[in-house]
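Here is a short tour of one protein chain for someone meeting it for the first time. Have a look at the sequence and the model, then read on.

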Amino acid sequence: MDFTNPLVYGVPCFLGLILLELTYSKQTNNKDLYKWKDLTASLGLGVGSAVIAALTKTVSAILIFSLVYEWFNPLVDGVRRNVFGWESFGYVWYVWILCMLLDDFAYYWFHRQNHMVRFFWAAHIVHHSSDNFNLGTAVRNGWFTIVYKPFFYVWIVMLGFPPEMLIVCLGIEALWQFQLHTKYISKMGFIEKFINTHTMHQVHHSKNIEYMDKNHGGILNIFDRMFGTWKELDETIDIEYGVTTPPNSHNIWTILMHEYKNIWTDMKKSKNWRHKFMYAFGPPGWSHDGSTLTIKQIRRSMKEQKEKPEEAHESLSRVS
């Protein structure tokens with residue numbers, strides 16, 4: 001059975017919604033929401049990402065997903081049977097829901113590892129590199145994540161879900177992710193209990209210490225809650241968007257490559273091969289000499305500094 005990727009219809013909507021938000025922001029007191037050079041760079045990166053995604057779709061969808069599906073779900077007497085013993089899944093409505101849930105689970109770990117592994121972060125940082133949070137930023141995508149993204153999802157077709165079903169679910173996920181990139185929708189009450197909302201995604205794009213590496217979910221936020229990465233927006237905190245090591249350029253190639261160059265520079269700081277490996281595949285901010293820190297190390301240091309005055313105060317109280 002053939003299905004059309006929802007993104008085919010989504011792209012014109014993306015452009016229309018960006019234009020609508022842009023026009024509205026310029027007509028209100030939020031004129032700085034969009035900056036022309038930044039928007040141009042985002043659109044250029046988005047177009048390039050779409051072209052590359054179309055070219056690599058054959059590799060990811062047909063060669064990887066389809067071949068793996070055939071290997072793990074061979075035809076036996078005219079019926080596809082999974083190598084684990086069950087009959088491969090069809091297109092019943094509840095199978096679609098299950099596939100969407102598994103896709104969302106895979107997206108969580110794919111997205112989280114993009115923030116935890118520096119080599120992946122070098123590709124994903126493109127999306128976070130703007131200090132603006134708007135629908136234009138939503139299409140500011142790196143060009144190299146597509147190389148490794150299929151390997152986070154291929155297990156779903158191994159289980160017996162048809163490749164075309166997974167492709168549709170991936171498209172639905174992308175549609176939801178796009179519309180999250182707006183500040184014009186506030187907290188949504190009960191929905192916030194299980195859905196990844198716009199305010200939660202503002203947290204995700206923040207470079208405030210308390211917000212970094214939070215809210216990696218796609219459509220649902222249950223995996224963030226389960227694995228300790230969920231964070232609610234505190235409306236008393238002024239959000240700063242962007243990254244701590246920005247490209248400081250609107251040149252598309254610079255935006256795409258600047259973190260790879262940073263990795264190479266850091267790898268040359270030490271002759272130790274373990275250090276070189278960690279600079280490339282350890283968490284962002286890792287350093288062999290403590291000259292830079294990971295976000296976990298920064299939070300731990302801040303916590304220790306906060307506790308020390310309290311410990312000193314308790315000691316003085318005991319003495320007195």
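## Ground rules

A residue is called buried when its relative accessible area is under 20%, exposed when it is over 50%, and partly exposed in between, using a 1.4 Å probe and protein chains only. Thr294, at 9% relative accessibility, therefore falls in the buried class.

Keep in mind that this is a predicted model: local features need pLDDT of at least 70, side-chain atom pairs count only at pLDDT 80 or more, and totals for chains, interfaces and linings use all residues. Residues are numbered from 1 along each chain as its sequence is written, and side-chain values use heavy atoms, with hydrogens and water left out.

## The chain as a whole

The chain has 13 helices and two strands. The C-alpha trace spans about 85 × 50 × 45 Å along its principal axes.

Of the 320 residues in the chain, 44% are buried. A contact here means heavy atoms within 4.5 Å. Take the contacts between residues at least 6 apart in sequence: 68% of them join residues at least 24 apart.

How many of the 11 residues of α4 are buried? The count is 10, so α4 is largely enclosed by the rest of the structure. Those buried residues include Phe120, Trp121, Ala122, Ile125 and Val126, along with Arg118 and His128.

Start with helix α3 (residues 93-116), whose axis comes within 6 Å of the axis of α4 (residues 118-128), the two crossing at roughly 100°. Axes are lines fitted to C-alpha atoms, for helices over the stretch in contact, and angles run from 0 to 180 degrees between N-to-C directions. On the naming scale, under 35 degrees is roughly parallel, over 145 roughly antiparallel, 65 to 115 roughly perpendicular, and the rest oblique. On the α3 side, His111, Gln113, Asn114, His115 and Met116 make the contact, while α4 brings Arg118, Phe120, Trp121, His124 and His128. By class, that contact has three nonpolar, six polar and one charged residues. Here Ala, Val, Leu, Ile, Met, Phe, Trp, Tyr, Cys and Pro count as nonpolar, Asp, Glu, Lys and Arg as charged, and the others, Gly among them, as polar.

Next comes helix α11 (residues 252-267): its axis and that of α4 come within 7 Å and cross at roughly 155°. That angle is why α4 and α11 are described as roughly antiparallel to each other. Residues making this contact include Phe119, Trp121 and Ala122 of α4, and Ile255, Leu256 and Tyr260 of α11. The contact of α4 with α11 divides into 10 nonpolar, two polar and three charged residues.

## Nonpolar cores

A nonpolar core is a set of buried Ala, Val, Leu, Ile, Met, Phe, Trp, Tyr and Cys residues joined through side-chain atoms within 4.5 Å. The largest one has 42 residues, and Phe65, Tyr153, Ile156, Val157, Phe161 and Leu166 touch the most other members. Elements giving two or more residues to this core include α2 (36-72), α3, α4 and α11. The largest share, seven residues, comes from α3.

Apart from it lies another core, of 10 residues, with Phe14, Leu33, Leu135 and Phe178 among them.

## A few residues to look up

Thr294 and His288 both sit in a loop: Thr294 is between α12 and α13, and His288 is between α12 and α13 (295-319). Not counting residues up to four places away in sequence, Thr294 touches Pro283, Pro284, Gly285 and Trp286. With the same exclusion, His288 touches Lys269, Ser270, His275 and Tyr279. His288 is partly exposed, with a relative accessible area of 31%.

Two residues have a positive phi without being glycine. Asp77, with phi of about 55°, lies in the loop between β1 (75-76) and β2 (79-80) and is exposed at 80% relative accessibility. Asp213, with phi near 60°, is in the loop between α9 (198-204) and α10 (222-226) and is buried at 17% relative accessibility.

Technical notes:
Helices (H or I, at least four residues) and strands (E, at least two) are DSSP runs, numbered from the N terminus.
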